[in-house]
Amino acid sequence: MSSSQRNFDKAEIDRKVNDVVHLMLIWEQRKIPIKRADINKHVLKEYRHAFNDVMKITDKKLQKVFGLKLLEIGEGGKRAYILVNMLEHSETQQMMNWNDNPKRGLLFTVLSLIFMSGNSMTDGTFWNALKGLGIEKDKPHPEFGDVKKLITQEFVRQWYLEIVKLPNCDPPQYEYKWGLRAYHETSKMKILEFVTSLYDKSSVMVWKSQYQDALEEQRKTI
Amino acid sequence: MSAYKKCHIYFLQSIMNKTILSESECQQIRQESYQVSEVTPEGNLLDFLQVINDQLHPFHFKIRQSKREDTGETVYVLISLVDNDLNRLVVGGDFTRTELEYFKKILEVIICLSDAENVGTASSIDILNLADSFSPRMSKTEAKRLLTRFVDERWFYDNEGIISLSPRCILELEQYLSQCFDSFVSVCTMCSNTVFQAQVCSNCSARMHHHCAKTYCKRKTTSLKCLSCNHPFPHLQSEDNGVTGESTSSDTGNALGSSRKKKRTHAH
């Protein structure tokens, strides 16, 4: 391959990278993972052989310009990508903006409930707890509308929550857990800090077992 | 060219979340961005935005300065510079084909069917009633949910039941709108930008933005004329379309380049 041909390819790859970045940011608005097949179909096309190289450079550019990180989720044929925020936001600051983003407020409440209950809750316990906060499964909420759909579909689709069917249960029972995106965009410690401020407690250490749990997670990520 | 720093990334993420920011929101977020990233503030907002736009350019995005047609206030909009047709809503918005059709119908009602009193707007009641004749059939609840979603995603503004096009809609779907609604799309006789919500000359039907009319009235207090045909325009209102907003000085050339050509093949 002549050097000019190599340069042409490099320029073309660079263009493809920029288009992938563009596509991922557009797709990110839905907060649904984008699959390799989507990237190949919409952008790479005849350059699909360069997928891995393109994604490496795409990740770098996303981090440098947008402060977002590529995260690969799922396995084998179900592999897909989401964008995760690398910047540290003061969680309490963000949360207090409930008017700005009520859905996010609800999400943090849900994540808090699950974490404080030991990282998982059965659907019965979960909805009872929400009922105590004025949110009912089958009643339209003035702010969120169909809460059941929002929590069991939208949040799950966005990988903030994971809802798993428990085996050998009749009638069927479900387990509510944090989704992969939740683990990457926030942390147990941050959620604990949120709950602490909400309950106006002096320190996160008030919650003994949850504090240990959060500390353990912190140690693992360093 | 100034260096691209963490403060710029913070700002960029904020405008990515909200798509449209008012002038004061921009200033506030810019200040917060400096604080949070511990960078010393320097320069003005336009310089700050230019640094970001230089980084955004290869990825076909741009932060554009524009004016809301309903209030006349200056806003900053993050727009995509490519794929400026409705496919945008399918790829990025996760809308179904039916929902897309409904979006098109809303555009049609606002652009083509608005009455003389309220050019470039439509009532939410009329828009929701569209669901009745829609096929496949759409319930009112569904239509309401959809309309709310379109407003939340900043395609339309809802001013107490009056629906109008947002700057995001006008700028991003520019190509689509001028192709699809051709004869219904005109430019303001004052600022030469595309105009939907307007005051209309009774003689030649030339249009002027409400905020441009306001500026015109300030400069020229007597014998107001249509800028296109010189026909007297005595009822030219100096008030915005009933919606109060910050009054802004007229467009001066700005670094972000509000476009001034009538027909464009793509936003720049």
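Where does Gln55(B) sit? Its place is in helix α3 (residues 45-56) of chain B, and that spot is a handy way into this predicted model. Local features here need pLDDT of at least 70, side-chain atom pairs count only at pLDDT 80 or more, and totals for chains, interfaces and linings use all residues; side-chain values use heavy atoms, leaving out hydrogens and water. Residues are numbered from 1 along each chain as its sequence is written, while chains are lettered from A and ligands numbered from 1 in the order in which they are written.

**Confidence**

- The predictor gives the complex an ipTM of 0.82 and a pTM of 0.80.
- Chain B averages a pLDDT of 83, with 86% of its residues at 70 or above; pLDDT is the predictor's confidence in each residue, from 0 to 100.
- Residues 240-268 of chain B have pLDDT below 50, and in the model this stretch has 74 contacts beyond near neighbours in sequence (a contact means heavy atoms within 4.5 Å).
- Where pLDDT is low, the predicted coordinates should not be read in detail.

- Gln55(B) counts as buried because its relative accessibility is 16%; buried means under 20% relative accessible area, exposed over 50%, and partly exposed in between, using a 1.4 Å probe and protein chains only.
- Apart from neighbours within four places in sequence, Gln55(B) touches Lys64(A), Val65(A) and Tyr4(B).
- The contact between the chains takes 25 residues from chain A and 23 residues from chain B.
- About 2,100 Å² is buried between chain A and chain B, and carbon and sulfur atoms give 59% of that (buried area is the accessible area, with a 1.4 Å probe, that two parts lose on being put together, summed over both).
- On the chain A side, His22(A), Val65(A) and Phe66(A) supply 29% of the area buried against chain B, more than any other three residues.

**Nonpolar cores**

- The largest nonpolar core has 51 residues, and Phe66(A), Phe11(B), Ile52(B) and Ile63(B) have the most contacts inside it; such a core is a set of buried Ala, Val, Leu, Ile, Met, Phe, Trp, Tyr and Cys residues joined through side-chain atoms within 4.5 Å.
- Helix α1 (residues 3-28) of chain A gives the most to this core, with nine residues; helices (H or I, at least four residues) and strands (E, at least two) are DSSP runs, numbered from the N terminus.
- Not counting residues up to four places away in sequence, Ile52(B) touches Tyr4(B), His8(B), Phe11(B), Leu12(B) and Ile63(B).
- There's also a second, separate core of 35 residues, which includes Leu100(B), Phe103(B), Leu107(B) and Ile110(B).

**The hairpin in chain B**

- Strand β2 (residues 61-67) of chain B is largely enclosed by the rest of the structure, because seven of its seven residues are buried.
- Both faces of β2(B) are covered, with Phe61(B), Ile63(B), Gln65(B) and Lys67(B) buried on one side and Lys62(B), Arg64(B) and Ser66(B) buried on the other.
- Seven bridges join β2(B) to strand β3 (residues 74-80) of chain B, and the two run antiparallel (strands pair if DSSP finds at least two bridges between them).
- Lys62(B) stands opposite Ile79(B) in β3(B).
- Six residues lie between the strands of this hairpin, where Gly72(B) takes a positive phi near 80°.

**Chain A: sheets and helices**

- Chain A has 10 helices and six strands, and 44% of its 222 residues are buried.
- One open sheet of three strands runs in the order β1-β3-β2 (chain A) with antiparallel pairing; its edge strands are β1 (34-35) and β2 (68-73).
- Lys35(A) has Ala80(A) as its bridge partner in β3(A).
- Another open sheet has three strands in the order β4-β6-β5 (chain A), again antiparallel, with β4 (121-122) and β5 (161-165) at the edges.
- Helix α7 (residues 147-157) of chain A packs on this sheet, touching β5 and β6 of chain A, and its direction makes about 115° with that of β5(A); axes are lines fitted to C-alpha atoms, for helices over the stretch in contact, with angles from 0 to 180 degrees between N-to-C directions.
- Thr122(A) stands opposite Glu175(A) in β6(A).
- Buried residues in helix α9 (residues 188-198) of chain A include Met189(A), Leu192(A) and Val195(A).
- Just after α9(A), Asp200(A) takes a positive phi of about 55°.
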